[in-house]
Amino acid sequence: MVIEMPCIHPPVKDSVEGINEESFIKKDGGKLRVRIFGDEGPLETTMEGSLKSVEEIAGMLGVEPDGDRIEAVVNGTKVIMERGRLQLEFENGEKMLLENV
């Protein structure tokens, strides 16, 4: 069941359109696991960096976090985030999971 969270400050379409997966990542000394689930099967890789905080991402998306969690639909993409873990579900059915290692 998908529940859309009410936005305290609804995102402005122009400001959210420029957001891509890299917008959620801090360039620091950590490691990040990236998994993509699509028609071709799962792909997995690791990269340098870590996820931004729940509060930072909520601010970028214009949604109010529910404690340490975000569950919202922004521009047709479902965003589910808990500390250290971000899942994006796109309209075409593909999913992307980013996790701090």
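Gly38 is found in strand 1, which spans residues 25–38; helices (H or I, at least four residues) and strands (E, at least two) are DSSP runs, numbered from the N terminus. The model is predicted, so local features need pLDDT of at least 70 and side-chain atom pairs count only at pLDDT 80 or more, while totals for chains, interfaces and linings use all residues. Residues are numbered from 1 along each chain as its sequence is written, and side-chain values use heavy atoms, with hydrogens and water left out. Gly38 counts as partly exposed because its relative accessibility is 31%; buried means under 20% relative accessible area, exposed over 50%, and partly exposed in between (1.4 Å probe, protein chains only). The C-alpha atom of Gly38 is separated by 4.7 Å from that of Glu94, although the two residues are 56 apart along the chain.

The protein has two helices and six strands, and from the N terminus on its elements run α-β-β-α-β-β-β-β. Of its 101 residues, 31% are buried. Among contacts (heavy atoms within 4.5 Å) with a separation of 6 or more, 47% are between residues 24 or more positions apart. The protein exposes about 6400 Å², and carbon and sulfur atoms supply 49% of that area; accessible areas come from the Shrake-Rupley method with a 1.4 Å probe, and for residues only the protein chains shown count as cover.

In soluble globular proteins, nonpolar side chains tend to be buried together. Here the largest nonpolar core has 19 residues, and Ile70, Leu86 and Leu98 have the most contacts inside it. Such a core is a set of buried Ala, Val, Leu, Ile, Met, Phe, Trp, Tyr and Cys residues joined through side-chain atoms within 4.5 Å. Two or more residues of this core come from each of strand 1, helix 2 (54–61), strand 3 (69–74), strand 4 (77–82), strand 5 (85–89) and strand 6. Helix 2 gives the largest share, four residues. Leaving aside residues up to four places away in sequence, Leu98 touches Ile25, Leu32, Arg33, Val34, Leu51, Gly84, Arg85 and Leu86.

Next come the charged side chains. Side chains of opposite charge can pair when their charged atoms come close. How many salt bridges does a search of the whole structure find? The search finds nine, a salt bridge being a side-chain nitrogen of Lys or Arg within 4 Å of a carboxyl oxygen of Asp or Glu.

One of them joins the side chains of Lys31 and Glu48, at 3.1 Å from N to O. This pair links distant parts of the chain, with Lys31 in strand 1 and Glu48 in strand 2 (residues 41–51), 17 residues apart. Lys31 counts as partly exposed because its relative accessibility is 42%, and Glu48 is also partly exposed, with a relative accessible area of 46%.

Another salt bridge is formed by Glu99 and Arg33, whose closest N and O atoms are 3.6 Å apart. Glu99 lies in strand 6 (residues 95–100) and Arg33 in strand 1, so the pair ties together parts that are 66 residues apart in sequence. Is Glu99 buried or exposed? Glu99 is buried, because its relative accessible area is 15%, whereas Arg33 counts as partly exposed at 26% relative accessibility. Arg33 and Glu99 also belong to a network of salt bridges that links Arg33, Arg35, Glu44, Arg85 and Glu99.

The side chains of Glu71 and Lys78 meet in a salt bridge too, at 3.9 Å from N to O, and both residues are buried.
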